[in-house]
Amino acid sequence: MTLFRHRMLETGKEMAFEAARMALDSAGLERKDVDAVVLGSAPDAFDGFHMKGEQLLDGAGGFRKPYTRVFVGGGTGVFVPIAAWWHVASGLADIVLAVGEEKMSPLQPHPQYAFWTIFDQFLERPLGVTLLWIFALEMRRYMHVYNVSEEDIALVAVKNKANALDHPAAQLPARITVEDVLKSEPICAPVKRLDVSPTSDGAAAVVLASEELARKLTDTPVWITGVGWNVDTTYWTNRDLCYPEYLEKAARMAYKMAHITNPRKEIDFAEVYDPFDYKELHHMEGLLLAGKGEAPKLTREGVTQRDGDLPINPSGGLLGVGNPIAAAGVMKVAEVFWQLRGEAGKRQVKKPVNRGLAQAWGDLMQVGTVVIMER
Amino acid sequence: MGRLDAGWHGCNNGEVKRLKFAGTPISPEEWRNESVFFKKEEFDLKYAWDTGYAIAKFLEGLKAGKILGVKCNRCERILVPPRMFCEKCFRKVDEWVTLRDTGTVNTFSVSYVNNDASRREKPLVVAVIEIHGASPGMGILHVLGEVEPSRVRVGMQVKAVWKPENERVGAITDIAYFKPIEVM
Amino acid sequence: MTSEFRYTNSEEVRVWKDHIPLKYKYSIGVAAQKFSSALKEGKLLGFKCSSCSKVYALPLLFCPECFKEIREYVEIKPEGEIYSFTERGEEVVIAVKFPDTYGVLIHKMKKPLAGRPRIGQKVRAVFKKKEERSGDITDILWFELF
């Protein structure tokens, strides 16, 4: 992966190249060895190229190869390895390069503006809707239904930003306190500045290989044993936002494939999508890693710390490392990979790990994408 | 088919390749002073969107001072915003229903920023309002007015405040905002 | 069971008009910094892949085919030939091929044209005055026959 930063000199193509090149180098492969390429990148409005997949193709190594772009908003980053998995699982390809890239910085005056274009043009845009509204509305609903306090939620931001201090590519690592979060500027109540991840430029990539090749190329491959994805209705105002149904369905799909019946016990650690701090809790529950309304308790008790029983976001998550939309999910998959191989350096979780999970989320509170990986 | 790989680290001679994180951050000064090369561009994309049958009728209803919904006889849900087909049963809906112009606040937020991240002069209270007459949980997005942000509660009962008839054009903004009604 | 829903009359089918204004400030990229600096100096820079030896008349951080970083730069003499062209009224858009270079550069011919353009004709770039250059591709004012 590249660094994740607010603005980078590199174009989207150049960032994709740096990440893809690094992935190939770490696998000892060349572009000619790659059978197919999958790329993910989020709304075209960020960098004004309305055929963004094709624009990034050369940087993703897709020149004259079977090439696919996938998109499910923020869920894209974990969806890219899933789509790459289809290529290998179907027998169509032996080696697939999966790249996630995002360049958010070009849109003026602020990248957030691009999100305005995902809302219903008749009934929502005329109200001056901003992306923050849907997060704030969901956060409020979650807090109300399960009686969760802003302090509970702030603990996630404190944990993840501290974890990010050990991530070499991180954009906003910091040592903050719950009070810092509570006192930070309200943007869209109850969302405050320190509850949110930044907008970023960045790219990340992984290489997938079929079983036979994987065993030839390394002594310690990491296997994808479960994939799941699910998208809910775009009529988001017709759903109760307190619980992500679509994520539970995606998780069950992945658990079934991986023969997991008790996720809380059988998943050793997880990289859970955290564009906002409350989302880590929301998603932990959707992933059945905690009962409804119980994720705050696990966080308070330190269970989700790196030395806890169920480490969550040892990388530092989006809150700490950064949020270049489609690249963020791939960063999480990379983190699970490094943790399982014992290569996460200072971020390595204390307990021995055999099975991890990476999850992303996106669109209008709609999509859950899940990947389960094992040694 | 066998198990599938998620990536690997190939160094059979035992030497670990250094992982290097590439990237050249642009400092705020370089951004402001443009001491590196930038290219600027502006587009103004203009659209004329067909509203479709369902939204067309919904907007006509708003112009007439009514909130309309539709009913799917198979799942028996009454849906708002109205749609031509029920997304669950995947069949055309059966009839139009006039709903009340009151509702219950399902969730709300107080926004201090505009959609381009600039600061608002006055905060805006936004909410998902479950419309009375529709199936439970059927909400629409709108704004609240005539209420102190700190007094808004989930579960609050609200009523639409309509623009005067001659100012209504067939838009969601024909409802200026929803205001709290007194609980009996 | 047929439903009553169908498009009735044109009064009810409505159109919603709105716009999406988008403003961009792109970083042109790491490779393009060199390309633009060269343009500012009145030069055309080629990017050479040390693996396949192709020289691209485009700012490229990496060779799309070999997927290796490009670290060699070659000055391209801005004289080439018309690879293809198209005319629209007074305006002639051309694709210029430079010798020993992979790919073509898209630009315009000087107006008014002295005679009809032909494929294979020799053309050379005319740059703006030094103080008017900004690093943009328009630092090349046009191509003229020679």
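This is a predicted model: local features need pLDDT of at least 70, side-chain atom pairs count only at pLDDT 80 or more; totals for chains, interfaces and linings use all residues.
In strand E11 of chain A, A:Val370 is the bridge partner of A:Gln359.

Strand E10 of chain A, residues 355-362, is joined to E11(A) by 8 bridges, and the two run antiparallel. E10(A) and E11(A) form a hairpin, with 4 residues between them. One residue to look at in that turn is A:Asp363, which has a positive phi of about 60°.

E11(A) also pairs with strand E8 of chain A, residues 223-231, again in the antiparallel sense and over 8 bridges. On this side, A:Met373 in E11(A) stands opposite A:Ile224.

Next, the helices of chain A. Two packed helices are described by the angle between their axes and the distance between the axes.

Take helix H5, residues 150-163, and helix H10, residues 277-286, both of chain A. Their axes come within 7 Å and cross at roughly 100°. Angles of 65 to 115 degrees count as roughly perpendicular, and H5(A) and H10(A) are therefore roughly perpendicular to each other. From H5(A), the residues that meet H10(A) are A:Ile153, A:Ala154, A:Val156 and A:Ala157. On the H10(A) side they are A:Asp277, A:Tyr278, A:Glu280 and A:Leu281. By class, this contact has 6 nonpolar residues, no polar ones and 2 charged.

The other pair is helix H3 of chain A, residues 76-89, with helix H13 of chain A, residues 325-340. These pack at an angle of about 60°, with their axes 6 Å apart. H3(A) contributes A:Thr76, A:Gly77, A:Val78, A:Val80 and A:Pro81. The residues they meet in H13(A) include A:Ile325, A:Gly329 and A:Lys332. The contact of H3(A) with H13(A) divides into 9 nonpolar, 3 polar and 1 charged residues.

Now the contacts between chains, beginning with A and B. This one takes 68 residues from chain A and 53 from chain B. On the chain B side, the elements that each supply at least two residues are strands E1 (4-5), E2, E8 (102-113), E9 (119-131) and E10 (139-144). E8(B) gives the largest share, 8 residues. The chain B side comprises 29 nonpolar, 17 polar and 7 charged residues.

Which strand of chain A is joined to E8(B)? It is strand E5 of chain A, residues 186-189, through 2 bridges, and the strands run antiparallel. Within E8(B), B:Ser111 is the bridge partner of A:Cys188.

Last, chains B and C. Here 25 residues of chain C are in contact with 28 residues of chain B. Strand E1 (15-27) and helix H1 (30-40) are the chain C elements that give two or more residues to this side. E1(C) provides the largest share, 13 residues. The chain C side divides into 13 nonpolar, 6 polar and 6 charged residues.

There is strand pairing here too: 13 bridges join E1(C) to strand E2 of chain B, residues 38-50, and the two run antiparallel. A pair to find on the screen is C:Leu22 in E1(C), with B:Phe43 opposite.

Notes:
Residues are numbered from 1 along each chain as its sequence is written. Chains are lettered from A and ligands numbered from 1 in the order in which they are written. Two residues are in contact if their C-beta atoms, placed from the backbone, lie within 7 Å. Ala, Val, Leu, Ile, Met, Phe, Trp, Tyr, Cys and Pro count as nonpolar, Asp, Glu, Lys and Arg as charged, and the others, Gly among them, as polar. Two strands pair if DSSP finds at least two bridges between them. Axes are lines fitted to C-alpha atoms, for helices over the stretch in contact, and angles run from 0 to 180 degrees between N-to-C directions. Angles under 35 degrees count as roughly parallel, over 145 as roughly antiparallel, 65 to 115 as roughly perpendicular and the rest as oblique.
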